[in-house]
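Here is a quick walk through one model, written for someone who likes cut-offs spelled out. Have the viewer open as you read.

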Amino acid sequence: MEAKVVIKVENLVKRYKELMALDHFSLEIREGEIFGLLGPNGSGKSTTISCILALLQYDKGTIEVFGQPMRPDSYELKRQIGVVLQDVAVFDELTVYENIDYFCGLYVKDKTLRRQYVEEAMEFAGLNEFRKFHPKKLSGGLLRRLNIACGIAHRPKLIFMDEPTVAVDPQSRNKILEGIRQLNEQGATIVYTSHYMEEVEQICTRIAIMDGGKNLAIGTKEELKDMIKTGETIQVEILELTEQQKESFRSLPHVYKTEYEDNHLKVYYTKGQRNLVRLIDYLKQENISFGRVYSELPTLNDVFLEITGKQLRD
């Protein structure tokens, strides 16, 4: 049985004077997903999220959340949504506990239930021993975790997370990623944006790559990798190659490109099996001396580069 559609965006258009920020953009996110939204700076990610949250007016299209039209006054829908922004948004004059309690109180009026939710959010974020600290006394990683606790304390069904691990230490990053998985296991659908490809590849169940306000590709990481030409890249240490030898590697099955630089030969394959075995056999057959050999399967970063032609931080 197919999961319910939590977010449905159809034919969305948003213009800023001459700039087309969203160009007939469409997207569906299903219940229970950790959905990665990737794109270079200026691709339209933030505009898309702002439109979904009804924080920004758009020129054309429709947006439904939980099967209902999303409008600025859709307060019942908004109570089911949590937002964790890239810029930390907490009150310096309040303690850790007071911050979480304040944000939870925007949605949960019952004091007993709210107290329970705040305690659970602090436990979840690993902030119990810092409950009386003010934000200025927290490290960057703890501050990020406080930001997340404030956004999820009211137990939302849908959570938007925009760069939640930016500029934190590896330990805090792992803690945050574990927390995101835990939220998902508890039933939350999560929309996740990040510049860290390895994070997206690690935790997201489906991923959309957007640029120029358009949805260029969407699928699981395996489906996205199948969309690109590169299936495997093999790198070999070789001290010297003649021009004729460099060209000869292109005759091997599935090879579409080769590069030789700084005593390293890179052989790019479309798909195919036994590429490594064939290449080593060929090197031996041609009496070409070689050192270490590396085989790499395509990463999400390779997919992004091939589809957009850009580095993610462009």
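Is H5 mostly covered or mostly uncovered? Mostly covered: 11 of its 13 residues are buried, where buried means under 20% relative accessible area, exposed means over 50%, and partly exposed is in between (1.4 Å probe, protein chains only).

## Ground rules

This is a predicted model, so local features need pLDDT of at least 70 and side-chain atom pairs count only at pLDDT 80 or more, while totals for chains, interfaces and linings use all residues. Residues are numbered from 1 along each chain as its sequence is written, and side-chain values use heavy atoms, with hydrogens and water left out.

## The chain overall

The protein chain has 11 helices and 14 strands; these are DSSP runs numbered from the N terminus, with helices being H or I of at least four residues and strands E of at least two. Its C-alpha atoms fill a box of roughly 80 × 45 × 40 Å along the principal axes. Of the 314 residues, 46% count as buried.

Take the contacts (heavy atoms within 4.5 Å) with a separation of 6 or more: 67% of them are between residues 24 or more positions apart. The accessible surface, from the Shrake-Rupley method with a 1.4 Å probe, comes to about 16600 Å², and 48% of that belongs to carbon and sulfur atoms.

## Helix H5

The buried residues of H5 include Leu142, Arg144, Arg145, Leu146 and Ile148. They pack against strand S6 (81-84), helix H3 (96-105), H4, S7 and H6.

The length checks out too: at 1.5 Å a residue, the 13 residues of H5 should span 18 Å, and the end C-alpha atoms are 19 Å apart, which agrees. The expected span here is 1.5 Å times one less than the number of residues.

## Helix H6

H6 (residues 170-185) has 16 residues that should span 22 Å, in agreement with the 23 Å between its end C-alpha atoms. Among its buried residues are Ser172, Arg173, Ile176, Leu177 and Ile180.

Just after H6, glycine 187 takes a positive phi of about 115 degrees.

## Cores and alanine 54

A nonpolar core is a set of buried Ala, Val, Leu, Ile, Met, Phe, Trp, Tyr and Cys residues joined through side-chain atoms within 4.5 Å. The largest one has 46 residues, and those with the most contacts inside it include Ile100, Met161 and Ile180. Apart from it lies another core of 25 residues, among them Ile29, Leu53, Ala54 and Phe160.

Alanine 54 sits in the loop between helix H1 (45-52) and strand S4 (60-65). Why does alanine 54 count as buried? Because its relative accessibility is 12%. Leaving out residues up to four places away in sequence, alanine 54 touches Met70, Arg71, Pro72 and Lys78. Proline 72 is 18 residues from alanine 54 in sequence, and their C-alpha atoms are 5.0 Å apart.
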